[in-house]
Structures are given as structure tokens and as C-alpha cells.
Protein chains: 2
Amino acid sequence: MAYRETEKVIARKEDKRVRLISAARELIAEGGFSSVQMSSVAAAAGVATGTVYRYFPSKAELVAEVFRVVTQWEVDVMGQVAATGDNPRVRLEGAIATFAKRALMAPRLAYALIFEPGDPLVEAERIVFRRSYARIMSEILKDGIAQGEFISQPVDIVANCIVGGFAEALIGPLAPDHAATQSEREETISTIVNFCLKAVSK
Amino acid sequence: MAYRETEKVIARKEDKRVRLISAARELIAEGGFSSVQMSSVAAAAGVATGTVYRYFPSKAELVAEVFRVVTQWEVDVMGQVAATGDNPRVRLEGAIATFAKRALMAPRLAYALIFEPGDPLVEAERIVFRRSYARIMSEILKDGIAQGEFISQPVDIVANCIVGGFAEALIGPLAPDHAATQSEREETISTIVNFCLKAVSK
DNA sequence: CCATAAAGTGAATCTCCATTCATTTATATA
DNA sequence: TATATAAATGAATGGAGATTCACTTTATGG
């Protein structure tokens with residue numbers, strides 16, 4: 001036997017895989033899905049174009065994997081925050097504030113994940129992602145209704161209204177440039193929170 | 001002089017132009033911007049591919065023109081409804097119901113116009129379109145605040161929340177299939193209306 | 001019917017990328 | 001060091017689709 005995969009090689013491959021995903025994520029964060037070109041991803045990761053295909057069978061799979069990795073992380077973070085504390089109002093506020101803080105770090109990326117159509121593999125992941133967000137919101141709403149804090153409404157529909165509302169107000173085409181001032185950002189976030197709380201409260 | 005453009009020719013050209021725009025709109029309504037191919041547009045309009053270029057200098061201009069025509073019409077309709085009546089609650093409800101009725105006729109088209117990224121010409125039109133919607137909402141909100149019906153809030157931000165919320169709930173990726181049942185559709189619309197009214201009311 | 005000008009045509013061209021693959025380089029064991 | 005195997009390379013290939021243009025058809029007025 002003259003060759004076997006060693007730890008070192010496995011680690012280096014894993015590292016390269018991560019680099020490729022990061023490079024692709026960075027490109028999406030700059031210009032959405034259409035900015036992802038296999039040659040650009042390769043260049044950004046410091047490898048040759050062909051190498052990308054040793055890690056991902058196609059561009060569609062690469063983009064879907066980026067989508068999966070990024071959204072799973074976001075859902076985990078949001079889930080943690082939304083499960084913290086007993087008061088559903090506080091939890092709702094926390095969820096929105098968390099989304100805001102994170103989405104505004106990379107608004108174009110957030111927009112792509114939430115709204116930008118992509119190939120079928122991406123669309124399938126999007127459904128998973130969106131359902132996760134909707135689930136988190138619905139849980140808060142259900143608890144709030146059970147505790148008598150929130151008015152009884154169809155939680156699935158209301159969850160969509162809330163997610164759509166804050167996403168639009170934060171990263172939609174008319175959203176103010178949040179790179180600008182801290183105070184403007186805070187006004188936006190608190191207005192959104194108040195809007196949502198008022199809409200669901202008893 | 002052996003040739004001059006006659007009424008007949010002008011009319012036929014205008015008709016062809018309209019056909020091309022309709023064909024392109026139809027394609028967007030089926031699969032979004034990426035479904036627009038110059039050869040498909042030509043085929044759908046019953047002309048040769050080259051003919052499209054006698055009416056529009058490029059695909060980008062054609063799509064932008066479709067965007068302009070469709071959204072101007074939608075904004076006009078919405079503006080009419082939103083200006084009808086004195087009671088801001090009724091006007092808000094009317095605006096949302098109108099959007100719902102129209103968007104659900106062609107959900108994929110509505111999604112493209114509102115959310116789907118496109119080339120720079122389209123993005124420029126989108127800003128115009130979205131500002132028009134936001135303006136209509138803001139007017140209702142301002143009147144409501146002035147009349148003491150609505151709570152005082154930053155109307156621009158709230159307008160975005162409302163537009164994002166109802167768009168998401170009606171045509172977002174998790175929106176129920178409204179081709180299904182009339183009653184489900186009505187439940188969705190009334191839930192959204194209640195949500196928005198509650199959020200803005202005093 | 002003829003001459004002129006525009007409208008219409010669609011195959012050929014051009015561009016952009018995803019994907020492939022013959023070749024080179026690196027790693028592991030004997 | 002020599003051999004075996006895998007990883008990496010990047011130029012070449014292939015396909016999709018936007019755009020062009022030499023040619024054909026249609027309309028107009030004399």
C-alpha cells in the first residue's frame with residue numbers, strides 16, 4: 001500500500017471546503033446569487049477553477065450548500081434568542097432585534113436568502129429556512145396567546161406578516177442606508193418592534 | 001417621395017409593441033425575469049427574434065418597459081382606491097384588499113415586481129414603483145394620525161412594514177396556494193387587514 | 001407597375017460562463 | 001528514492017441565449 005489519506009490531508013481539504021463556501025458567501029453578500037461565478041469563487045478562495053469541482057459537483061450544489069450553512073446558523077441564533085425568557089413580548093422584541101443586528105451586517109446577503117429567486121435547489125432550501133423562521137415566530141405567538149398577552153389570531157399568517165414586515169423595513173429596496181447613523185438604525189428597529197407588538201397585543 | 005408612414009402602419013406598429021410587452025409580461029408571470037428570453041418573447045408575440053430589436057434596443061430595455069407599464073397601472077389603481085373615502089381605516093383596508101385581489105391574479109409576476117432582483121434598469125424602476133406604494137400608504141397613515149384615529153409613528157417606516165407584511169403573507173414563499181379555496185384566501189386577507197389596522201390604531 | 005423606404009426575418013455571430021479532462025504536482029508508503 | 005494514489009490545475013469544450021445583419025417582404029406614392 002503506497003498511499004492513504006492522513007489527518008493532515010483531511011484537515012486541509014476541510015479547510016479548503018470552508019474557504020470555498022466563505023468565498024461564495026462573500027460574493028453573494030456583494031451582489032446576490034448572480035454574482036457567484038465558479039471562476040470568481042475559485043479565485044477568491046485561492047484555487048484553480050477545476051478545484052471547485054473536486055469539492056462541489058455543480059454551482060447549484062455549491063450555492064445550495066452556502067445557503068444551508070448560513071441559514072442554519074441564523075436559525076440557530078434566532079431560535080436561541082426567541083426561546084430566552086418567559087415574556088412573549090420580550091421574546092418577540094429580542095427576535096426582531098437579533099434579526100436586525102445580523103441582517104444589517106450583510107444586507108445584500110440577507111436579501112438574497114430571504115427574497116432572491118434562485119435555482120430549484122436553492123428554492124428548496126429557502127422553504128426550509130423560511131419555515132424555521134415562521135416556526136420560531138409562531139411559537140412566540142402561541143405562547144403569548146396562551147398567556148393572554150396576545151390577541152388570538154391565526155399564527156401562521158401573522159408570523160408571515162411579521163417576518164415580511166421587518167425584513168422589508170430593514171433590508172428592502174426602500175430601507176434607509178443603515179451604514180449611515182446609529183440613531184437612524186435604532187429608530188427603525190424600535191419602530192418595527194412597536195409596530196409588531198402593537199399588532200399582536202391584546 | 002415614394003414612401004411615408006401612414007396611420008395604418010403606425011397603428012400596426014403600436015399594436016405589435018403592445019403584443020411584445022404583453023408576451024414578456026406573460027413570461028414573467030410564469031417564471032420571473034429569468035424566463036424572459038428574446039426568442040421566447042418573439043415566438044409568443046408571433047414575430048421573428050430580430051423584430052423585437054426593432055421595437056426595443058435590448059432585453060434590459062424591454063423588461064424595464066414591461067416593469068414600467070405594469071407598475072404604473074398598479075399604482076394608479078391602488079392610488080384610486082386609497083384616495084376613496086374619508087375614513088383612513090377603510091382606506092387602508094381597501095388598499096390591502098385591492099393589492100391582494102390583483103397580486104393573486106398573477107402571484108409570480110407580483111413577486112418579481114416587488115422582490116426579484118433584476119438588471120440595473122429594472123432596479124431603478126423598482127425604486128420608483130416602491131416609492132409610489134410607500135407614498136400611498138404614508139398618505140393614509142398621515143391622515144389617520146391627523147384625524148386621531150392612528151397612533152403617531154414614523155410613517156415611512158411603518159409604510160414599509162405594512163407593504164412588506166402583506167406582500168409576504170400573500171405572495172411570499174410560505175403563502176398558501178390561493179388558487180385553492182376562496183375561504184382560505186378570505187381568511188388570509190382579513191387576518192392581514194386586522195393585523196395592520198391593529199398595528200396602527202390608537 | 002415602378003421606385004423607394006421601411007418593416008420583418010432568422011441564421012450566423014458573439015459573449016459569457018459552467019463544466020470537463022489530460023496533465024502536473026503533492027502526499028504517503030515501502 | 002521509487003511507486004502508487006489522490007489533489008490540483010487551467011486551457012479547452014460546450015451550451016445557452018443576446019444581438020447582429022444581409023436579405024426578403026410589405027407599404028407608399030407617382
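Analyst: Contact here means heavy atoms within 4.5 Å. This is a predicted model, in which local features need pLDDT of at least 70 and side-chain atom pairs count only at pLDDT 80 or more, whereas totals for chains, interfaces and linings use all residues. Residues are numbered from 1 along each chain as its sequence is written, chains are lettered from A in the order in which they are written, and side-chain values use heavy atoms, with hydrogens and water left out.

User: Which residues does Tyr53(A) touch, not counting residues up to four places away in sequence?

Analyst: With those neighbours set aside, Tyr53(A) touches Met38(A) and Ser58(A). Tyr53(A) belongs to helix H3 (residues 49-55) of chain A, where helices are DSSP runs of H or I with at least four residues, numbered from the N terminus.

User: Is Tyr53(A) buried, exposed or partly exposed?

Analyst: Buried means under 20% relative accessible area, exposed means over 50%, and partly exposed lies in between, with a 1.4 Å probe and protein chains only. Tyr53(A), at 45% relative accessibility, counts as partly exposed.

User: How is the aromatic pair of Phe99(B) and Phe166(B) to be read?

Analyst: Rings of Phe, Tyr and Trp (its six-membered ring) pair if their centres lie within 6.5 Å, and planes under 30 degrees apart count as stacked, over 60 as edge-to-face and the rest as tilted. Over all chains, a search of the whole structure finds 12 aromatic pairs. Phe99(B) and Phe166(B) form a tilted one, 4.7 Å centre to centre with 55° between the planes. Phe99(B) lies in helix H5 (residues 88-103) of chain B and Phe166(B) in helix H8 (residues 155-171) of chain B, so the pair ties together parts 67 residues apart in sequence. Both Phe99(B) and Phe166(B) are buried.

User: At what angle do helix H8 of chain A and helix H9 of chain B pack?

Analyst: Two packed helices are described by the angle between their axes and the distance between the axes. Axes are lines fitted to C-alpha atoms, for helices over the stretch in contact, and angles run from 0 to 180 degrees between N-to-C directions. Helix H8 (residues 155-171) of chain A and helix H9 (residues 182-200) of chain B pack at about 55°, their axes 10 Å apart. H8(A) and H9(B) are therefore oblique to each other, given that angles under 35 degrees count as roughly parallel, over 145 as roughly antiparallel, 65 to 115 as roughly perpendicular and the rest as oblique. From H8(A), the contact is made by Ile157(A), Val158(A), Cys161(A) and Ile162(A), and from H9(B) by Glu187(B), Thr188(B), Thr191(B), Ile192(B) and Phe195(B).

How values were computed
Helices (H or I, at least four residues) and strands (E, at least two) are DSSP runs, numbered from the N terminus.
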